[in-house]
Amino acid sequence: MAVGKNIRTYFQGTWHDGDIPVMKASDHGSWLGSTVFDGARYVNGLAPDLYAHCARVNRSAEALMLVPTVSTEEMVQIVWEGLSAYPKDAAVYIRPMYWGIHGDPTAIVPAPDLTGFAIGLEEIPVAPPSATTTLGRTRFRRPVMEDAVVNAKAGCLYPNNARMLAEVRGRGFGNALVADAMGNVAESATANVFMVKDGVAFTPIANGTFLSGITRARHIENMRADGIEVHETVLGFQDFEDADEVFLSGNLHKVTPVVGFEESSYQIGPVTQRVRELYWDWAASEG
């Protein structure tokens, strides 16, 4: 399911125009869910942290017992080849992905002899700075490592995200603020989350129940370098109700200001705005 336009697909050693078929009905990935992917961005000729995203999809493959077949360096080169067909001012979503093809005699465990690989490119605009969202609480939670492959960006985790989104959207919210297995705040249904109180930034500590994002780490590094105090710590829902600012951190839009959580309302505050500025300044100089 493509959500963008001007799609290109890398499959079986070459780039193709369009959203081409890459999986068969009996592939392990389509039948039993052994799919992993990552998401990077190309904006104004820049692809921030592209190497880190390509490296992570290889780690995600290993977490699902798949054998990654493309080195990080080679993957980065393939992506840049594909991006050469887009204008510099295009906003492109970059999605490398692996899936299992064969299974063991039980069919359940992916066989190591063959792993599917593809890269999808599609133009998806970056949301403007004025774009915001709201958060609601959901009864669905983030699992622990013993319950799910939370150490991978795996397709099998996303049905739970969909349940969260459907539940809160039914109550008029744009996204969900999600608890971990212990009842503490973990992240949103689609992205990591930060809150600001008295000029100090806080984000839930990476405790193994959610994927601690590449963009999240970049924001933390940028804020600290800029003199903004940042704490990774245990946070509850009351902390977010009492916050001055809240924003989401994800690859697709980098920074999404939150203007409400249940009955609490927020402004797009100075720290949120500064985090956006710091990210794109970093991307232009080093990313």
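Rings of Phe, Tyr and Trp (its six-membered ring) are taken as a pair if their centres lie within 6.5 Å, and planes under 30 degrees apart count as stacked. On that basis, a search of the whole structure, which is a predicted model, turns up ten aromatic pairs. One of these, between Phe 194 and Phe 247, is stacked, at 4.9 Å centre to centre and with 5 degrees between the planes. Since Phe 194 belongs to strand β10 and Phe 247 to strand β13, the pair ties together parts that are 53 residues apart in sequence. Phe 194 is buried, at a relative accessible area of 0%, and Phe 247 is buried with a value of 0%.

Phe 237 and Phe 261 have ring centres 6.1 Å apart and planes at 25 degrees, so this pair is stacked. Helix α6 supplies Phe 237 and strand β14 supplies Phe 261, so parts 24 residues apart in sequence are tied together. Elsewhere, ring pairs join Tyr 10, Trp 15, Tyr 98 and Phe 117 into a cluster.

Turning to the nonpolar cores, the largest has 31 residues, and Tyr 98 is among those that touch the most other members, as are Leu 50 and Met 75. Helix α3 gives the largest share of this core, five residues. Another core, of 18 residues, lies apart from it and includes Leu 135 and Val 185.

Technical notes: Residues are numbered from 1 along each chain as its sequence is written. This is a predicted model: local features need pLDDT of at least 70, side-chain atom pairs count only at pLDDT 80 or more; totals for chains, interfaces and linings use all residues. Side-chain values use heavy atoms; hydrogens and water are left out. A nonpolar core is a set of buried Ala, Val, Leu, Ile, Met, Phe, Trp, Tyr and Cys residues joined through side-chain atoms within 4.5 Å. Buried means under 20% relative accessible area, exposed over 50%, partly exposed in between (1.4 Å probe, protein chains only). Helices (H or I, at least four residues) and strands (E, at least two) are DSSP runs, numbered from the N terminus. Rings of Phe, Tyr and Trp (its six-membered ring) pair if their centres lie within 6.5 Å; planes under 30 degrees apart count as stacked, over 60 as edge-to-face and the rest as tilted.
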